Amino acid sequence: MQPADFIDIHCHLLPGVDDGPKTLEQSLALAARYAGAGIRQVFATPHFLPGTIWSASPEQIHSGLDRLRRALREHGLKLEIFPGMEIAIQAKMEKRLDKGCYLPLGNSGCYLLEPPLEGRRFNPLDPVKAFTRRGKKVILAHPERSEFFQRHPEILRRARSRDLALQVNIGSLLGHFGPGPRQTALQLLAWEAFDYLASDAHSHQGRRPPNADDWRRLRELVPPEILRETAAENPARLAAAARPDPR
Ligand SMILES: [Fe+2]
């Protein structure tokens, strides 16, 4: 696959809602990076962690997205952005799910859920049942960064199903998050047990989308058919399902 075929299903692109871009200008700089690489579609997935400052409502996310889309048009940048959330997994999620506090990935009906990074005992898959029991599809965001799954990667392998998919961070495979996430990401790769590769970009610098050197290193690590499937084909199916915009 070509880097331009990449569709990023996990990035922090909206201004002022989490630890991603602080301003519209910074959001535009990140969007320009995607557009400049020929990438046509991304999902904007701000953190959602109730009780913290990272708790933008679906309405706030939609209005931030409208602002960014207008700015993109004004700057002649072509990038289709779908709304979403990176929803922190917490002990009880049923009520918020039923009240519509969680935003799925566009119109796909699929939710991006983030396991806690720390904690060896709490199985992050327990609260996820609130979603799958209601027939909702779930993508686990970078489970390889979770201490629990680093200790029990086989649980991830077993849990993958029609309703539960796994998204690995490109940076985890490349070692940007240290040896634990890298080892678990490589284990999932060896098992061919993940569905999506995404950037989890937070900025046009620092935690940014993959550059040419990252793609070169990825091609050395990931067999071409798996790279195509997880970075382009599966994300393209999700983007197709995400249309039309839910509003
Ligand atoms: Fe993220």
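**Terms and their grounds**

Tutor: Let us begin with Arg-73, which is found in helix 2; helices (H or I, at least four residues) and strands (E, at least two) are DSSP runs, numbered from the N terminus. This is a predicted model, in which local features need pLDDT of at least 70 and side-chain atom pairs count only at pLDDT 80 or more, while totals for chains, interfaces and linings use all residues. Residues are numbered from 1 along each chain as its sequence is written.

Student: Why does Arg-73 count as exposed?
Tutor: A residue is buried if 20 or more other C-beta atoms, placed from the backbone, lie within 10 Å of its own, exposed if 12 or fewer, and partly exposed in between. Arg-73 has 10 C-beta neighbours inside 10 Å, so it counts as exposed.

Student: Where does helix 2 lie?
Tutor: Helix 2 (residues 58-74) lies across strand 2 and strand 4, and runs at about 175° to strand 4. Axes are lines fitted to C-alpha atoms, for helices over the stretch in contact, and angles run from 0 to 180 degrees between N-to-C directions.

Student: What makes strand 1 and strand 4 edge strands?
Tutor: Two strands pair if DSSP finds at least two bridges between them. An open sheet is formed by 3 strands in the order 1-2-4, with parallel pairing. Strand 1 (8-11) and strand 4 (80-83) each pair on one side only, and they are the edge strands. The twist from one strand to the next averages 30°.

Student: How many bridges join strand 1 to strand 2?
Tutor: There are 2 bridges between strand 1 and strand 2 (residues 41-44), and the two run parallel. With a requirement of at least two bridges, the strands therefore count as paired. Cys-11 has Ala-44 in strand 2 as its bridge partner.

Student: Why is strand 7 described as largely enclosed?
Tutor: Of its 5 residues, 4 are buried, so strand 7 is largely enclosed by the rest of the structure. Strand 7 pairs with strand 6 (residues 110-114) in the parallel sense over 4 bridges, and Leu-113 stands opposite Leu-140 in strand 7.

Student: How do you know whether His-142 is buried or exposed?
Tutor: His-142 has 26 other C-beta atoms within 10 Å, so it is buried. His-142 sits in the loop between strand 7 (137-141) and helix 5 (147-151), and has a positive phi of about 30° although it is not a glycine.

Student: What does Glu-192 count as, buried or exposed?
Tutor: Glu-192 has 12 C-beta neighbours inside 10 Å and therefore counts as exposed. Glu-192 lies in the loop between helix 8 (179-190) and strand 9 (196-198); its phi is positive, about 50°, although it is not a glycine.

Student: Why are the buried residues of helix 8 said to line one face?
Tutor: The buried residues of helix 8 are Pro-181, Thr-184, Ala-185 and Leu-188. Seen down the axis of helix 8, they fall within an arc of 100° and so line one face; the arc is that of the directions from the helix axis to the C-beta atoms. An α-helix has 3.6 residues a turn, so residues three or four places apart point the same way. The face of helix 8 turned away from the buried side carries the exposed residues Pro-179 and Ala-190.

Student: What makes Leu-188 buried?
Tutor: Leu-188 has 23 C-beta neighbours inside 10 Å, so it counts as buried. Two residues are in contact if their C-beta atoms, placed from the backbone, lie within 7 Å. Leaving aside neighbours within four places in sequence, the contacts of Leu-188 include Glu-144, Leu-156 and Phe-194.

Student: Why is the protein called as compact as a globular protein of its length?
Tutor: The protein has 10 helices and 9 strands. Its radius of gyration, 17 Å, is close to the 18 Å that the globule rule gives for 247 residues, so the protein is as compact as a globular protein of that length. The radius is taken over C-alpha atoms, and the rule is 2.2 Å times the number of residues to the power 0.38.
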